[in-house]
Amino acid sequence: LQDFAPTVYLSMAAMIEEIMSVLAIPENSQLLLVNPVPSYLNQLDDELAGQMLEQFLRLSSAADQARVPRYFAVSQDIDKREAWLSIPCEKNKPRVFHFGHDRPVWSNADLIRAMLQEDREQLFICGFWLDDVVAAAALEAQSLGFNTHVIVDLSLSFNPQTRQTSFDRFSQFGIVPIALQNLLYEWMVKTEDDGCRKDLETFWKEQKRLDRTPICDRLNGSD
């Protein structure tokens with residue numbers, strides 16, 4: 001029994017560690033925003049566009065508080081004068097990477113190098129559109145060694161009828177869909193900084209209020 005007890009304890013500790021690692025941990029997270037520019041919002045009605053903008057800004061503010069780095073993959077055919085739906089952090093470090101409109105996001109080797117150097121395996125992707133660029137980026141991220149998640153309410157489908165097809169492919173390759181509310185909650189409960197936790201709680205509660213509104217069905221592809 002004396003030999004058995006430490007073995008059980010270590011096994012339980014390993015199980016707990018594995019369970020806890022399933023949650024989004026700020027120190028292990030990074031974001032990739034694909035084409036986060038306002039011109040895509042012009043293709044939505046005003047109410048939906050407003051909610052999308054609000055959520056992008058909330059994600060950015062929460063990432064700043066949680067010290068989660070965010071990277072930007074931007075198609076080269078996008079007007080460089082456009083504003084951003086999210087502001088790049090750490091201006092002294094490259095955060096914006098371009099790719100050809102007819103090439104995948106990860107065709108930019110500098111982007112791959114920068115994100116791997118973060119040594120943060122939990123990757124959260126969002127942007128435009130889910131049914132092509134975002135889905136392809138998520139699928140290829142797995143082969144790069146990331147534990148890949150797609151933020152579903154910040155990744156609208158250009159064609160809502162194909163949305164479930166994207167999720168079916170994600171399931172096949174182990175990519176995890178996650179709602180923004182879930183992400184904010186997990187960052188909140190997994191941070192060790194009391195001040196940061198309080199700020200993240202505010203963002204989480206704001207998102208919960210949004211998710212109770214009818215517009216949330218359209219943000220999650222039920223339109």
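A residue is called buried when its relative accessible area is under 20%, exposed when that area is over 50%, and partly exposed in between, with a 1.4 Å probe and protein chains only. By this criterion, 47% of the 223 residues of the protein chain count as buried. The model is predicted, so local features need pLDDT of at least 70 and side-chain atom pairs count only at pLDDT 80 or more, while totals for chains, interfaces and linings use all residues. Residues are numbered from 1 along each chain as its sequence is written, and side-chain values use heavy atoms, with hydrogens and water left out.

**Overall organisation**

- The protein chain contains eight helices and six strands; helices (H or I, at least four residues) and strands (E, at least two) are DSSP runs, numbered from the N terminus.
- Read from the N terminus, the elements follow the order α-β-α-β-β-α-β-α-β-α-β-α-α-α.
- Contact means heavy atoms within 4.5 Å; among contacts between residues at least 6 apart in sequence, 77% join residues at least 24 apart.

- The six strands form an open sheet with parallel pairing, in the order 3-2-1-4-5-6; two strands pair if DSSP finds at least two bridges between them.
- Strand 3 (96-99) and strand 6 (176-178) stand at the edges with a single partner strand each, so one side of each has no neighbour in the sheet.
- From one strand to the next, the twist averages 25°; angles run from 0 to 180 degrees between N-to-C directions, and axes are lines fitted to C-alpha atoms, for helices over the stretch in contact.
- Helix 6 (residues 180-190) packs on the sheet, where it touches strand 1 (29-34), strand 4 (122-127), strand 5 (147-151) and strand 6, and its direction makes about 90° with that of strand 6.
- Strand 2 (residues 70-75) and strand 3 run parallel and are joined by four bridges, and Val74 stands opposite His98 in strand 3.
- Four bridges also join strand 4 to strand 5, again in parallel, with Leu123 opposite Thr148 in strand 5.
- Four of the five residues of strand 5 are buried, so this strand is largely enclosed by the rest of the structure.

**Nonpolar cores**

- A nonpolar core is a set of buried Ala, Val, Leu, Ile, Met, Phe, Trp, Tyr and Cys residues joined through side-chain atoms within 4.5 Å.
- The largest such core has 37 residues, of which Leu31, Leu59, Ile151 and Trp187 touch the most other members.
- Its largest share, eight residues, comes from helix 2.
- Another core, of 28 residues, lies apart from the largest one and includes Val34, Phe99, Met115 and Ala135.

**Packing of helix 4 and helix 5**

- Helix 4 (residues 130-143) and helix 5 (residues 163-173) pack at an angle of about 0°, with their axes 11 Å apart.
- The two helices are therefore roughly parallel to each other, a term for angles under 35 degrees.
- Residues of helix 4 including Leu130, Ala135 and Leu139 meet residues of helix 5 including Phe167, Phe170 and Phe173.

**Backbone features in loops**

- Most residues other than glycine have a negative phi, and most peptide bonds are trans.
- A cis peptide bond joins Phe128 and Trp129, with omega of about -15°; Trp129 is in the loop between strand 4 and helix 4.
- Arg67, in the loop between helix 2 and strand 2, has a positive phi near 60° and is exposed, with a relative accessible area of 59%.
- Asp119, in the loop between helix 3 (109-117) and strand 4, has a positive phi near 55° and is exposed, with a relative accessible area of 67%.

Note on methods
Parallel < 35°, antiparallel > 145°, perpendicular 65-115°, else oblique.
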